[in-house]
There are 2 protein chains.
Amino acid sequence: MSPKITTELLRQLRQVMKSPKYVQEPVQAYIVPSGDAHQSEYIAPCDCRRAFISGFDGSAGTAIVTEQHAAMWTDGRYFLQAAQQMDNNWTLMKMGLKDTPTQEDWLVSVLPEGSKVGVDPFIIPADQWKRMSKALRSAGHDLVPVKANLIDTIWTDCPQRPCKPLITLDLSYTGISWRDKIVALRSKMAERKVLWFVVTALDEVAWLFNLRGSDVEYNPVFFAYAVIGMNTIRLFIDGDRMMDPAVREHLQLDSTLEPEFKIQVMPYGSILSELQTIAAGLSPKEKVWLSDKASYALTEAIPKAYRYLTPYTPICIAKAVKNSSETEGMTRAHIKDAVALCELFNWLEKEVPKGTVTEIIAADKAEEFRSQQKDFVELSFATISSTGPNGAIIHYKPVPETNRTLSVNEIFLLDSGAQYKDGTTDVTRTMHFGMPSAYEKECFTYVLKGHIAVSAAIFPNGTKGHLLDSFARSALWDCGLDYLHGTGHGVGSFLNVHEGPCGISYKTFADEPLEAGMIVSDEPGYYEDGSFGIRIENVVLVIPAETKYNFKNRGSLTFEPLTLVPIQTKMIDVNLLTQKECDWVNNYHRKCREVVGAELERQGRHEALQWLIRETEPLVRAQ
Amino acid sequence: MSPKITTELLRQLRQVMKSPKYVQEPVQAYIVPSGDAHQSEYIAPCDCRRAFISGFDGSAGTAIVTEQHAAMWTDGRYFLQAAQQMDNNWTLMKMGLKDTPTQEDWLVSVLPEGSKVGVDPFIIPADQWKRMSKALRSAGHDLVPVKANLIDTIWTDCPQRPCKPLITLDLSYTGISWRDKIVALRSKMAERKVLWFVVTALDEVAWLFNLRGSDVEYNPVFFAYAVIGMNTIRLFIDGDRMMDPAVREHLQLDSTLEPEFKIQVMPYGSILSELQTIAAGLSPKEKVWLSDKASYALTEAIPKAYRYLTPYTPICIAKAVKNSSETEGMTRAHIKDAVALCELFNWLEKEVPKGTVTEIIAADKAEEFRSQQKDFVELSFATISSTGPNGAIIHYKPVPETNRTLSVNEIFLLDSGAQYKDGTTDVTRTMHFGMPSAYEKECFTYVLKGHIAVSAAIFPNGTKGHLLDSFARSALWDCGLDYLHGTGHGVGSFLNVHEGPCGISYKTFADEPLEAGMIVSDEPGYYEDGSFGIRIENVVLVIPAETKYNFKNRGSLTFEPLTLVPIQTKMIDVNLLTQKECDWVNNYHRKCREVVGAELERQGRHEALQWLIRETEPLVRAQ
């Protein structure tokens, strides 16, 4: 990987930072955040402005350019990658290390007195603006919104914003019509006494209208905003996508509808002026509900007294609790996904010993098998196909420069998933195609014990996921091992593979309590830098549990794995398992064999079926 | 317990809320927090304003009185007690339940437009003021400081503020001289570039100067503030306590000292004006360090630009990590405490069947045995001596109206502790003097499993205690049982029995990481309303652990019990224990027998020694 040469680009950027054509007053620093106007985790190529200016294209990072300096803040996952992708113009700021200054502190240390710091108000979330602005102001500087994105002004070959056709989802997939979702949303609005709700997150717009898109890779979303009033629905979306008869029919654009369900379609770019118009018409006590992570531009459009901000929107919370149509769809999607992985692992078992399978070939083969399944749409994230030392790079993605050949001497870690029209998958399996060492088996077994501890945990209704995180670590901790990531994230239903508001991580505290119907991942791991990585990940559904005393009728919850892919028994040191853990593995494998076996049979995939049967042989523990 | 009749008091309070004699403008609501001007948990009688106005005297609760309403917020420990102690004028707000409004939301829902909400600025912590003030302002109301405490104006027989003699502690107890503590504090101040540090918490003043007092029951503290500059030390304290030759000698008040260690003694009440004088003399960039829980009045005395606020002060953090003199003292104190409890339980075993022992008698007897031990000072909190249904009241304290007779048919729960000059104890044992039912044993055994899970937990250096909380619940959760309190709190060394900044609770997130030398309690429980309560509590010391892989040299930690009192084996259903848990109990009992046995022998307490030997017989698990 050679770094991007940015000398000329930085010169141009510094020029426009002073140009009256773009800025009212010169700005002495310009912030280039990672995100798009919707605070998406995955972004379209036209929004990869930070990667354009710096060369660093990891998923998290903030660039700040001043007249003298260019600095990049990113976290531990990306220290190596950022250092390789950026040239000497850039200083890497390693977040999480003790001596690394915050962006605010650094700015204060390098800026001349009374500086102006510019940022695109559409790209910076309101909560970040507030923190940054306060810190700068207290040091005598000013954070100022720069309306024209300065990167865009110098990005001559910037790709166009995608505007791909939409997919309509009928009730058999969604379980609830968009009309009923609007009704439920309005009732939440009435509860909180707000008159307007602004939908800014792309997956929330998609979920609300039962539409999907493909504007952003891996995430079936489309660029749009929506503003829901008590009697109006406005959808801000570009292109001729609204000319598609299926979409018109789905949204009933040409039907005679009660006025409160009539959707007004407006240009994507008109959201700000529409919000300003709404704001101008508000009477005292009339409130507008926004996520506190919405952009500064949209938040600022609503005067402070009229704003109602929450960390999680009612759509985010409703979307997290899957209804029976969605859980059935997710179940189907996971069975198909398991079929594809049985095919893949059977194929790898035969091919790896020949020394011809690279990480990229394995990833491509996984995609090929998945694409043979019904309702396959695309992958749900870039496949992490990693062998040996590459497995220890937690967010690794094979590229030609790093591509390693799988062998019978190294552990192979595959973290992959797909979007099917009926559901989203995300599964990690760690395999050895030769003879794992005792140490590798030991580590794998501790990770497995942690995986089981979460998956089999029983807990009272209303428990937050972060309280379960330590269960995943206990077996590792006992031996002095740990992993530096959270244990699980929410998973969308044919939507983003990472979604809020629930999860299982020691890092959060403000997650919403788990409830039946929520879907999260359970993915503890262990990483030995320079040697190997281990992770065992299932997607699991929160379900009611049967307990002897049922928490005084508060109700009991537990998890049911949706992922049904064998966990390689060759990697397990059975003597480290308790009888209960051993039973868990055997029951899990029995279910894989029954459910996925039947589907392999139905699809006539006999060789993969034989592989599945072999891989799901019960473990036997020495008494 | 009959409720306090508050109709007349509330009428008087509502009158002064409108009286120009006390308020600049009438206030429509008045907040009565729990604390004193030092945000103490335990308070002197003169500070029990919330109990005076409402009747509810639990340790946590906030009262708010409006023209129409009187409402009390308290947590799960006190739902029952508050309901019993308050009359119909009061509405109980059960914190932690989903439908309970926050104080802010409730105020907004009941107040007329543009209301003023009053509070004593010395009693409300600055962080609470900020949150409350912001919420009220955004709803069009105002939080206003009312200088005269309105409760004091109607509290005609309010007791005087105590002003008792001081105890000086020499190096054999404290391990570090007050001079060295000041040096260490100043070096922390220099690191953060602050010029002044304001000590507001009573236990921090006591710890810093190696002094103790008895102004507040159970907590060996005295009313004082301190302001530490880089070259000055000011101690704000009343009475003739500074005339005591021992204190003068200890603080070297009459010696020729380097000026930076010369203590200036000032009146307790002059702290605010002194701070204002200091503030007036500050140059730009000169900062004053305060806890963000310091009172609004003191915080406000320092202009915002000069304030440096942190959730935990450097004294709080230094105090939490006990040095070897302190851990040796704590160990000695716990052995003496165990001797007293062996005597007590041996006595109870003989006396309870006679039907003559009440909860109060048992508590008094515990105090009597403790007071026979060397260096005993007082109890460390009000003894919770509770039998049968009273055991389910988590913070129960027997009073004549509720006093129950111990019997061979009910579970007895004793949560008690003492202040010795060498350490502070806090221990809970749950006993049955007859035949416990299978269900009682089952519940007890789950609680024990949780206790062991925390006590034997191994975790990486730097882990926050709240991440261990779920370990204590796992066995209970598996059967659908839980308890509504945290699992542990920090414990002072001859200081407050509850102290920050560490603990083991699902409720906190901002606790400081555990490190070797910290001392916390481990006290899971189970409570069956109307029937019984179970809790098993040891005080445990954080110590380095030996692990196979030692977290890549990050270091491993675990706990060592300081409490050495037998856990009643009669209450244990051995078949519910794993072999590891059974071994833990047997090892623990072996240590109790050896260490406490030797001390009982030394003190010639032969009958209690026999009892100890009987109670520490090893458990045997059916294979």
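Trainee: Which side chains of A:Arg554 and B:Asp482 meet, and in what kind of link?

Mentor: A salt bridge needs a side-chain nitrogen of Lys or Arg within 4 Å of a carboxyl oxygen of Asp or Glu. Here the side chains of A:Arg554 and B:Asp482 form one, at 3.4 Å from N to O. Keep in mind that this is a predicted model: local features need pLDDT of at least 70, side-chain atom pairs count only at pLDDT 80 or more, and totals for chains, interfaces and linings use all residues. Residues are numbered from 1 along each chain as its sequence is written, chains are lettered from A and ligands numbered from 1 in the order in which they are written, and side-chain values use heavy atoms, with hydrogens and water left out.

Trainee: How many salt bridges does the rule find across the interface of chain A and chain B?

Mentor: Four. Polar contacts are counted separately. A polar contact is a pair of N or O atoms within 3.5 Å; within protein, one must be able to donate a hydrogen and the other to accept it, and residues adjacent in sequence count only if both atoms are side-chain atoms. Between chain A and chain B, 14 residue pairs qualify, both residues at pLDDT 80 or more.

Trainee: What area do chain A and chain B bury between them?

Mentor: Buried area is the accessible area (1.4 Å probe) that two parts lose on being put together, summed over both. The two chains bury about 2,900 Å², with 59% of it on carbon and sulfur atoms. A:Trp477, A:Phe509 and A:Tyr549 supply 22% of the area that chain A buries against chain B, more than any other three residues.

Trainee: By what turn and shift can chain A be laid on chain B?

Mentor: Two copies of a chain are related by a rotation about an axis and a shift along it. Superposition is by least squares on the C-alpha atoms of residues with pLDDT of at least 70 in both. Here the turn is 178° and the shift along the axis 1.1 Å, with an RMSD of 1.0 Å. The copies are therefore related as by a two-fold rotation axis. The same surface serves both: 92% of the contact residues of chain A recur in chain B.

Terms used: Contact = heavy atoms within 4.5 Å.
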